Amino acid sequence: MSVFLLDNICKSFSNGKQINTVLKNINLSFPKSGLFSIVGKSGCGKSTLLNILMGIEKPTSGKIYFNGKDISKMNDKEFSRYHLCGVSLVFQHYNLFNHLTAFENVILAQEIADKSKKELTEKAKELFARFHIENLMSRKVSNLSGGEKQRIAILRSLISNPDAILCDEPTGALDVENSREIMEILREISREKLIIMVSHNKNLVEEFSDYILTLKDGEIVDNKYQNNEKQIETKKNTKIRYSSKWKSKFIRHNLKHNIKKNIFSIIACTLSFSAMFISVGFSEGSKSSQDDALKQNLSIGFATASESKFVEIDGSPLLFEKTVKPNVDLVDKYFSDFKSIRYEENISYFICNYPACYFNEIKVNNFEMVPLYDSTLESFGKEMLVKGHPCSGNLDEIIVNEEFEKELNCDALNKIIIINNDSSINYQTGDEKLPFVKDTLNFTKRMKIVGVIHEFSFLNTPKIYFSYKGAKEFLKNEVMENASNIVGQRITYFDYLENCKNDDPVASYSSYLFITDINEIEPFFKRLNKMKEEPLQITSKPFETKETYSTFINSFSSTLVIFVIIAFAGINFILGMISLSTFLENRKNTAILTCLGARNSSIYAIHLIENYLIIFLSFISSVFLANFLQSKLNEIIFKKFMLKNLILIPLKSFAGIPFGLIFILGIIAFACSTLFTLIPMVIYRHNSLTDELRDE
């Protein structure tokens with residue numbers, strides 16, 4: 001059986017609209033041994049034919065058989081075996097690895113085939129001695145001359161003991177003496193195996209060749225057989241095992257060569273991974289921090305309740321909606337299961353929410369008066385005090401938040417402010433001559449600021465907190481003189497408030513609700529969510545703030561998801577582009593490795609492992625950096641917004657999996673990196689190996 005059989009091989013190259021045919025209908029067979037020389041003028045197709053035999057160039061038409069196997073139908077493993085033990089090529093331009101020594105270059109292909117290092121060393125030493133170049137073994141190829149590089153290239157092709165050796169101008173860079181020596185060796189080897197050589201040296205071709213094949217304009221014009229020495233047939237064990245140890249030489253070289261790019265990649269990936277950890281931490285922490293944050297608001301336990309009624313209009317089919325003060329039974333209908341809710345009269349008619357306020361005879365604007373049921377802060381709120389102490393329970397002492405202190409533009413503790421609010425009541429007498437009498441309550445109080453609190457600052461406004469019980473006692477002690485005279489008994493302003501109709505303006509059309517147990521705040525807010533269409537309407541500014549804050553957090557979280565996706569894609573794009581640039585920079589080396597028998601998977605692995613190492617180092621660094629940033633950011637956020645653990649990275653457990661976040665993000669990162677790295681390399685590998693082997 002022939003080693004090579006060429007069946008009607010044609011090869012054309014397209015240059016725009018022009019097609020250049022290099023080989024035309026080549027039909028050849030090569031035996032198992034002998035020295036074949038292909039000669040002809042430059043451009044006749046000699047090197048192209050050699051490249052097609054090597055499998056690094058595909059014919060335009062026709063088929064090539066190697067030991068009866070169609071080369072075009074070989075898979076990656078078979079193609080690798082073809083180069084490991086089937087054929088080897090002595091390149092015209094050496095194509096050695098400059099970062100390796102001469103010895104490492106010679107044994108590389110057999111290292112890929114997982115040959116014994118001891119056996120390879122002995123065999124390599126014999127070859128170096130045979131060529132009298134033992135002194136070159138430990139020298140880097142980059143330090144060798146052209147002739148020395150050519151010798152090393154020939155040794156590399158010989159050590160693998162292939163079925164056929166393809167030589168592209170093997171003596172082109174050698175002097176006469178070395179050329180003859182190499183030709184003697186090639187002719188000796190040709191007795192056992194097939195050697196196909198392209199050469200311009202007519203003298204050497206004539207002297208040493210068994211067969212001389214002459215090409216002209218891509219066609220065979222002469223096929224000359226001239227030697228008749230007995231050929232020796234040998235049997236060869238072609239069992240191949242693949243090693244991965246050789247890849248470390250190229251991985252180390254790439255890491256060293258790309259050290260600046262890799263450092264940039266590690267920094268960029270560390271920052272991106274840290275940002276993703278922080279983003280996930282924000283998403284996790286914000287869920288629990290929303291309720292915790294709003295508990296850092298002293299007014300959270302205060303709300304107003306009103307009832308919506310639809311009333312008929314006389315003589316009209318239309319109804320109008322009327323808001324009135326609800327009775328206790330209606331409130332109990334919705335909140336009877338809440339033990340801490342207190343239903344109280346709305347006193348804002350007398351002590352309004354936005355009274356006139358003066359500090360050092362200067363009017364203070366933009367604040368709100370909020371009643372506290374427990375002004376001693378025993379139920380909750382003491383942890384918010386940053387200055388002073390709670391109120392004593394009367395109207396002479398108040399607490400303000402830091403936003404109000406900023407309005408005063410000074411240290412507010414122990415400062416005196418004056419609150420003024422006049423309100424009047426027309427008491428109906430039932431007497432036609434004097435239908436009503438008017439009583440006016442002049443509420444002017446000097447109030448001492450005994451405490452300053454730090455509240456959650458999101459949408460927070462300046463506030464003055466006063467004792468509801470103190471205000472209630474004050475109204476119980478203030479007598480409506482004119483009304484009392486008419487009735488003949490003592491009537492206080494609070495008495496009138498308790499007994500007035502539910503649609504009387506004095507009742508403010510609502511009642512106060514106080515929640516005195518901080519643990520019932522969250523259930524209370526959940527209940528409010530379900531009551532939006534109910535007759536009983538609850539107004540709670542902290543609840544509205546919570547809803548706004550939740551919307552903001554959810555929107556921000558959605559934005560972070562997009563950011564995480566973009567960051568993740570960015571990381572992998574950066575790594576993929578760096579891998580591709582490294583691949584392109586070393587495309588000639590990858591082509592050489594392919595010709596030496598390295599499988600595509602091994603070549604891809606060289607670049608993937610470099611990426612994996614970058615990801616691993618970045619991932620480990622980002623865990624520590626994210627943990628540090630989490631601590632610092634939470635510290636800053638707490639000081640600024642009174643939010644505890646807004647960022648809570650679930651490093652120890654995620655989705656019920658120990659270290660699940662690290663595991664999941666790691667798996668995704670490695671998978672995406674593999675995808676982003678492999679796709680462009682696989683696409684690019686469809687290019688001709690001949691193009692990649694050209695000098696860059």
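Analyst: Happy to. One definition first: Ala, Val, Leu, Ile, Met, Phe, Trp, Tyr, Cys and Pro count as nonpolar, Asp, Glu, Lys and Arg as charged, and the others, Gly among them, as polar. This is a predicted model, where local features need pLDDT of at least 70 and side-chain atom pairs count only at pLDDT 80 or more, while totals for chains, interfaces and linings use all residues. Residues are numbered from 1 along each chain as its sequence is written, and side-chain values use heavy atoms, without hydrogens and water.

User: How do the residues lining the second largest pocket divide by class?

Analyst: On a 1 Å grid over the protein atoms alone, a cavity is a set of points where a 1.4 Å probe fits but cannot get out; a pocket is an open set with protein on both sides within 12 Å along at least five of seven lines, and lining residues have an atom within 4 Å of a point. The second largest pocket is lined by 25 residues, with Ser-47, Asn-51, Gln-92, Asp-168 and Thr-690 nearest its centre. By class, the lining has eight nonpolar, 11 polar and six charged residues.

User: Which helix gives the most to that lining of the second largest pocket?

Analyst: Helices (H or I, at least four residues) and strands (E, at least two) are DSSP runs, numbered from the N terminus. Two or more lining residues of the second largest pocket come from each of helix 1 (46-54) and helix 20 (689-693). The one that gives the most, with four residues, is helix 1.

User: How much space lies in the largest cavity?

Analyst: A volume is the space filled by probe spheres set on the grid points, which are joined across faces, edges and corners. The structure holds six cavities of 30 Å³ or more. In the largest cavity, the space is about 130 Å³.

User: Which residues lie closest to the centre of the largest cavity?

Analyst: Strand 16 (368-372) and strand 22 (511-515) each supply at least two residues of its lining. The lining divides into nine nonpolar, four polar and one charged. Of its 14 residues, the closest to the centre are Leu-298, Leu-372, Tyr-373, Asp-374 and Phe-380.

User: Are helix 2 and helix 17 roughly parallel or roughly perpendicular?

Analyst: Axes are lines fitted to C-alpha atoms, for helices over the stretch in contact, with angles from 0 to 180 degrees between N-to-C directions. Angles under 35 degrees count as roughly parallel, over 145 as roughly antiparallel, 65 to 115 as roughly perpendicular and the rest as oblique. The axes of helix 2 (residues 76-86) and helix 17 (residues 587-596) come within 6 Å and cross at roughly 80°. Helix 2 and helix 17 are therefore roughly perpendicular.
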